[in-house]
Amino acid sequence: MKKIVSPQDLASLCTQLSYGYASGTSIDQILELIKGSSNFKVDKWITDLKESQQLSFVLEKDGSFPEYFIAAFRIAEKVGQEEKMCTLLATHFTRIAELKSFLKESLSLPFILLGIFSIVLGIMSWSILPLFQNLLFQLGVAQSAGFNLFLTELKFFS
């Protein structure tokens, strides 16, 4: 199974296609323009397009596009609304890419905070708490066995 195209790449492709359709350029010329600025195998698309004359068939044959993208493109070709569909899909895929980025950042933040907490806890248990323990011992403050056990477990944990 081929890798599905990322939302960023789909948004970029749809934007380029919508600009091409808006200018009234033929699909062959649009693909020639896209060839230099995309990660897609546009050369293969151009040869496939000569057979079928439908971009939806070419995208389906590529196999790396989502089914709903191909279905939407096929419907837009039937009704002659390729430009409008490409514009709407570009907006849709841009929002999906932004949402994925936001979720990735949101889910990684707690792990970063946990790492910082662990580092601070380790520094405290290995350097700062023994200094206070020595200070309390020199002042003659009685330390309970529970307090010593707590410090030992804290060092072991960190």
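A: Start with Glu77, which sits in helix 5. Helices here are DSSP runs of H or I with at least four residues, numbered from the N terminus. This is a predicted model, where local features need pLDDT of at least 70, side-chain atom pairs count only at pLDDT 80 or more, and totals for chains, interfaces and linings use all residues. Residues are numbered from 1 along each chain as its sequence is written, and side-chain values use heavy atoms, with hydrogens and water left out.

Q: Is Glu77 buried or exposed?
A: Glu77 counts as buried, at 18% relative accessibility. Buried means under 20% relative accessible area, exposed over 50%, and partly exposed in between, with a 1.4 Å probe and protein chains only.

Q: What is Glu77 in contact with, leaving aside neighbours within four places in sequence?
A: Gln54, Leu55, Ser56 and Glu82. Contact means heavy atoms within 4.5 Å.

Q: OK, where is Ser56 found?
A: In helix 4. Ser56 is buried, with a relative accessible area of 1%. Beyond four places in sequence, Ser56 also has contacts that include Ile70, Phe73 and Arg74.

Q: Which residues of helix 4 are buried?
A: Leu55, Ser56, Val58, Leu59 and Asp62. Seen down the axis, they fall within an arc of 160 degrees, so they line one face of helix 4. The arc is that of the directions from the helix axis to the C-beta atoms.

Q: What do the buried residues of helix 4 pack against?
A: Helix 1, helix 2, helix 3 and helix 5 (67–79). Just after helix 4, Gly63 takes a positive phi of about 80 degrees.

Q: Switching to helix 2. Which residues are buried there?
A: Ile27, Ile30, Leu31 and Ile34, in a helix that covers residues 27–35. Their arc is only 95 degrees around the axis, which puts them on the same side of helix 2.

Q: Why would that spacing work?
A: An α-helix has 3.6 residues a turn, so residues three or four places apart point the same way.

Q: And which helices do the buried residues of helix 2 pack against?
A: Helix 1 (7–22), helix 3 (42–52) and helix 4 (55–62).

Key:
Helix = DSSP H or I, 4+ residues; strand = E, 2+ residues; numbered from the N terminus.
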